[in-house]
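Here is a short report on one protein model. Look at the structure first, then follow the text section by section.

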Amino acid sequence: MAPEAQSGLRVLPSAHQIRLPTERFIRAEPLDEEHVPMDVVFVGGGPAGLAGAIELARLVREDNEAGGGIGDVEIGVLEKAGELGEHNLSGAVVDPRAFRELFPDLSDSDFPFRGPVTKESVYLLTEGRSIRIPTPPTMANRGSYIASICEIVRWLGERAESAGVNLFTGFPVDSLLVDGDAVVGVRTTPSGLDRDGNAAPGALPATDVAARVTVLSEGTRGALAIAYRQWQHIHAPNPQIYALGVKEVWETKVSLDRVIHSLGWPLPRDAFGGSFCYPLAPDLIAIGLVVGLDYRSTAFDPHVALQRMKLHPLFRPYLEGGHLVEWGAKTIPEGGFHALPERWHGDGLLIAGDTAGLVEVASLKGIHYAMQSGMYAARTIFRALKAGDVGAAALAGYDDMIRGGYIYHDLRERRNMRLAFKAGFFVGGAKAALMTLTRGAIPGAKIDSEKDAAEPKLAGDPAPFSPDGELTFSKVDAVFKSGNQTRDDIPSHLMVGEDIPPEVADMYAAMCPAGVFEREGDRLVVNAPNCIDCKATDVLGPRWSPREGGSGPRYRTM
């Protein structure tokens with residue numbers, strides 16, 4: 001059942017979103033006298049940061065073994081989750097090429113994959129039917145592997161640690177420390193503060209970490225990278241746009257033998273996205289829904305849409321009799337080629353992975369691009385350290401590596417496929433097919449887009465929904481299944497605009513999959529501890545900022 005529109009009232013999300021306070025994330029302050037000295041720091045312990053750290057450690061070791069004389073290089077990875085993998089979520093059908101390049105002495109069977117993709121099906125859904133359609137060439141997954149990104153990250157972490165990389169989990173980075181235009185280190189977020197920001201018993205202050213080079217591998221919608229680009233006036237042809245993915249892992253009694261993707265219902269026709277379902281084990285499946293955040297109704301609820309989708313005849317037989325193991329959500333950068341920034345480097349800084357916008361939506365892939373960009377960052381940094389120069393000019397070769405490799409080639413070839421759907425599902429599908437046949441040449445001109453918050457939405461009332469507690473669940477139940485154990489009295493990390501009108505409060509409440517926002521009367525209520533750091537609010541509403549280490553979800557099998 002679709003949401004109902006209200007008398008043509010239109011909501012512009014950007015009109016109620018505060019400016020990102022760049023000064024909050026970029027600090028021209030000296031390092032603390034008790035700072036931790038590092039040579040290179042990767043901010044974020046996901047595939048990009050860990051692959052980069054592993055590759056850099058290898059290059060340093062080989063140079064020293066060959067008598068190259070680079071000496072000791074202290075490499076650190078700062079990760080906001082309490083343990084590696086706890087904040088990582090992805091559909092995780094993985095192209096193995098970056099693994100093969102990073103670990104040439106291993107075979108595919110050695111990598112942390114659940115199994116190869118041997119069968120796959122794509123369906124067009126209506127509310128009660130599923131119509132199998134030919135698999136679009138861009139979505140073909142033969143040669144790829146099914147995996148859990150949590151397991152990938154933990155596996156990479158073990159190899160980073162064995163290579164001598166310093167892993168600091170539970171250390172979110174609050175801000176970049178700069179001297180002129182140069183990034184000289186980072187400052188972590190303090191912990192143990194009460195709701196008013198005062199130090200409670202056992203509180204720990206922020207820690208300054210010095211670094212000759214800082215790599216921002218924060219994942220999707222990285223606050224530091226967004227602030228850095230604003231500060232340095234780094235632009236892109238189009239703004240980045242995002243999708244929100246909501247995912248569940250189920251223990252089942254019925255086995256699934258293939259990867260399934262679907263288009264159409266339960267998404268409205270003016271929304272871009274689709275669903276996925278794939279086997280992790282004979283008795284374990286992952287199921288999820290992805291929707292572009294430029295959807296047109298304030299009443300559309302991604303979490304509820306996934307709950308309804310599970311009742312569809314295509315999916316229900318696999319779930320009945322099983323039980324929900326885990327739930328989560330995250331945003332995905334979808335802008336593609338035309339949203340890539342002018343540069344990913346600066347004086348003492350590089351940007352990698354999802355933070356850099358390196359996701360190819362047509363093939364639903366990003367993990368191998370993230371890892372590859374991390375390796376490119378490592379090779380660039382190694383050369384800069386050898387030359388004794390980590391300035392912007394010395395690090396500019398990183399951009400050349402990205403633009404000269406398969407990441408840039410793939411994104412360029414499919415440069416307009418996501419943007420074509422701005423014209424609607426059927427028109428977009430026709431254009432995407434033509435782009436596939438011509439490798440992006442026709443239509444080849446850039447399709448312009450606005451940021452998601454600049455796309456107006458039509459106010460509406462959500463369709464009634466009552467979870468049954470067996471196949472469908474409330475947002476409260478879902479947050480519990482994310483493992484979220486954030487303190488109730490933690491300071492709010494969300495920056496909310498003033499005087500939020502009721503229809504905008506309704507939009508936030510529907511949009512957020514974790515029930516962070518509620519409307520009480522005409523007032524917006526914010527339940528910040530519920531947040532699972534999906535960053536959807538940062539795209540369309542209240543700004544997100546780092547909070548104390550270990551807060552948020554604790555994913556294990558995502």
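## The seven-stranded sheet

Seven strands build an open sheet in the order β9-β8-β19-β20-β21-β18-β22, and the pairing is mixed. At the edges stand β9 (130-133) and β22 (323-333). Each has a single partner strand, so one side of each is left without a neighbour in the sheet. The twist averages 20° from one strand to the next. Strands here are DSSP runs of E with at least two residues, helices are runs of H or I with at least four, and both are numbered from the N terminus. Two strands pair if DSSP finds at least two bridges between them.

Strand β20 (residues 273-281) and strand β21 (residues 284-292) pair in the antiparallel sense over eight bridges. Ala-281 stands opposite Leu-284 in β21. Helix α6 (residues 302-309) lies across β18, β20, β21 and β22, and runs at about 135° to β21. Axes are lines fitted to C-alpha atoms, for helices over the stretch in contact, and angles run from 0 to 180 degrees between N-to-C directions.

## How the model is read

This is a predicted model: local features need pLDDT of at least 70, side-chain atom pairs count only at pLDDT 80 or more, and totals for chains, interfaces and linings use all residues. Residues are numbered from 1 along each chain as its sequence is written, and side-chain values use heavy atoms, with hydrogens and water left out.

## The six-stranded sheet

Another open sheet has six strands, in the order β11-β5-β4-β17-β24-β23, with mixed pairing. Its edge strands are β11 (166-169) and β23 (345-346), and each pairs on one side only. Strand β5 (residues 75-79) pairs with β11 in the parallel sense, over four bridges. Helix α5 (residues 223-232) packs on the sheet and touches β4 (40-43), β17 (213-216), β23 and β24 (349-351). Contact means heavy atoms within 4.5 Å. The direction of α5 makes about 115° with that of β24.

## Two packed helices

Helix α2 (residues 47-65) and helix α8 (residues 367-387) pack at an angle of about 35°, with their axes 7 Å apart.

## Aromatic rings

How many aromatic pairs does a search of the whole structure find? It finds 17. Rings of Phe, Tyr and Trp (its six-membered ring) pair if their centres lie within 6.5 Å; planes under 30 degrees apart count as stacked, over 60 as edge-to-face and the rest as tilted. The rings of Phe-168 and Phe-171 have centres 6.3 Å apart and planes at 80°, so this pair is edge-to-face. The rings of Trp-250 and Phe-473 have centres 6.2 Å apart and planes at 50°, so this pair is tilted. Trp-250 and Phe-473 are 223 residues apart, and the pair links distant parts of the chain.

Are Trp-250 and Phe-473 buried or exposed? Both are buried (under 20% relative accessible area; exposed is over 50%, partly exposed in between, with a 1.4 Å probe and protein chains only). Phe-168 is partly exposed at 28%, and Phe-171 is partly exposed at 34%.
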